[in-house]
Amino acid sequence: MAVETLKTFDRVFKSLVPNPAGCKIGSNRLRVNYNRFPEDLEEFLIAFREDVNECSIDALVGIGQPTQRARVLIEGDKTGKLDSVKNLAELIEANAAFSCKSCREIGDAAIALERPADVRLLHLDESFLQLCPALERERLHIFSVSAITRQQRAKQAQAPQPRTTPEG
Ligand SMILES: [Zn+2]
């Protein structure tokens, strides 16, 4: 049941979210035969760790010569300080063939770069607060359960303690 829901989500999600970068690691899909469920899950995880050479994401970022949109991120005052963008700048500068190992290092920047103009990105990570506006892409920040719990604890710590006053 949970796997079916996951597969449906994955199928619907894939149809809604285009993957113009064509990252091979990012396009891995879970295929499950219920008679060998643990093995299939393990294969799925192993596929993510596999290093794929010559990932087609290089056309999106512009190896050796950054694309105009990649340059916006690299040269931006705020975006240029983000780890994913710093990694992106180093990889473009290195001018070497892109592998999916590199894709993992530029994750947030690549996600922002491949968003089409008609898609609003729903995100947890705060880096998209800078990345999306720099690329003129709509975004909506949602919070994880742990982030909400942290905020509530911080509010409780700051809340004034109730005063004790004498009766009458
Ligand atoms: Zn890749």
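Q: What span should the twelve residues of H5 have at 1.5 Å a residue, and how far apart are its end C-alpha atoms?
A: In this predicted model, H5 is a helix covering residues 83-94. Because the expected span is 1.5 Å times one less than the number of residues, the twelve residues of H5 should span 16 Å. The end C-alpha atoms of H5 agree with that expectation, being separated by 16 Å.

Q: Within what arc do the buried residues of H5 fall, seen down its axis?
A: The buried residues of H5 are Ser-84, Val-85, Leu-88, Ala-89, Leu-91 and Ile-92. An α-helix has 3.6 residues a turn, so residues three or four places apart point the same way. The buried residues of H5 line one face of the helix, because the arc within which they fall is 165°.

Q: Which exposed residues does H5 carry on the face turned away from its buried side?
A: The buried side of H5 has a cover that includes H3, H4, H6 and H7. On the face turned away from that side, the exposed residues are Glu-93 and Ala-94.

Q: With which residues is Leu-88 in contact, leaving aside its neighbours within four places in sequence?
A: Leu-88 is one of the buried residues of H5, and it is also among the members of the largest nonpolar core that touch the most other members. Once neighbours within four places in sequence are set aside, the contacts of Leu-88 are Val-61, Ala-70, Leu-73, Ile-74, Ile-106 and Ala-109.

Q: What is the phi of Glu-136, which is not a glycine?
A: Glu-136 is placed in the loop between H8 and strand S2, the strand of residues 139-141. It counts as exposed because it has 10 C-beta neighbours inside 10 Å. Although Glu-136 is not a glycine, its phi is positive, at about 55°.

Q: How far apart are the C-alpha atoms of Asn-53 and Phe-98?
A: Asn-53 belongs to the loop between H2 and H3, and it counts as exposed because there are 10 C-beta neighbours inside 10 Å. Not counting residues up to four places away in sequence, Asn-53 touches Ala-97 and Ser-99. Asn-53 and Phe-98 are 45 residues apart along the chain, and the separation of their C-alpha atoms is 6.5 Å.

Q: What C-alpha distance separates Asp-77 from Gln-130?
A: Gly-76 is found in the loop between H4 and H5, and Asp-77 lies in the loop between H4 and H5 as well. Gly-76 counts as partly exposed because it has 17 C-beta neighbours inside 10 Å, whereas Asp-77, with 8 other C-beta atoms within 10 Å, is exposed. The C-alpha atoms of Gly-76 and Gln-130, 54 residues apart along the chain, are separated by 9.3 Å. For Asp-77 and Gln-130, which are 53 residues apart in sequence, the C-alpha distance is 9.7 Å.

Q: How many of the 14 residues of H9 are buried?
A: Helix H9 runs over residues 145-158, and its end C-alpha atoms are 20 Å apart, in agreement with the 20 Å that its 14 residues should span at 1.5 Å a residue. H9 lies largely in the open, because the number of its residues that are buried is zero.

Q: In which helix of the chain is confidence highest?
A: Nine helices and two strands make up the elements of the chain, which averages a pLDDT of 84, with 89% of the residues scoring at least 70. Confidence is lowest in H1, residues 2-16, at a mean of 67. The highest mean is 97, in H8.

Notes:
Residues numbered from 1 in each chain as written. Predicted model: local features only at pLDDT ≥ 70, side-chain atom pairs only at ≥ 80, totals over all residues. Helix = DSSP H or I, 4+ residues; strand = E, 2+ residues; numbered from the N terminus. Buried ≥ 20, exposed ≤ 12 C-beta atoms within 10 Å, placed from the backbone. Contact = placed C-beta atoms within 7 Å. Core = buried A, V, L, I, M, F, W, Y, C linked by C-beta atoms within 7 Å. pLDDT = per-residue confidence, 0-100. Arc of directions from axis to C-beta.
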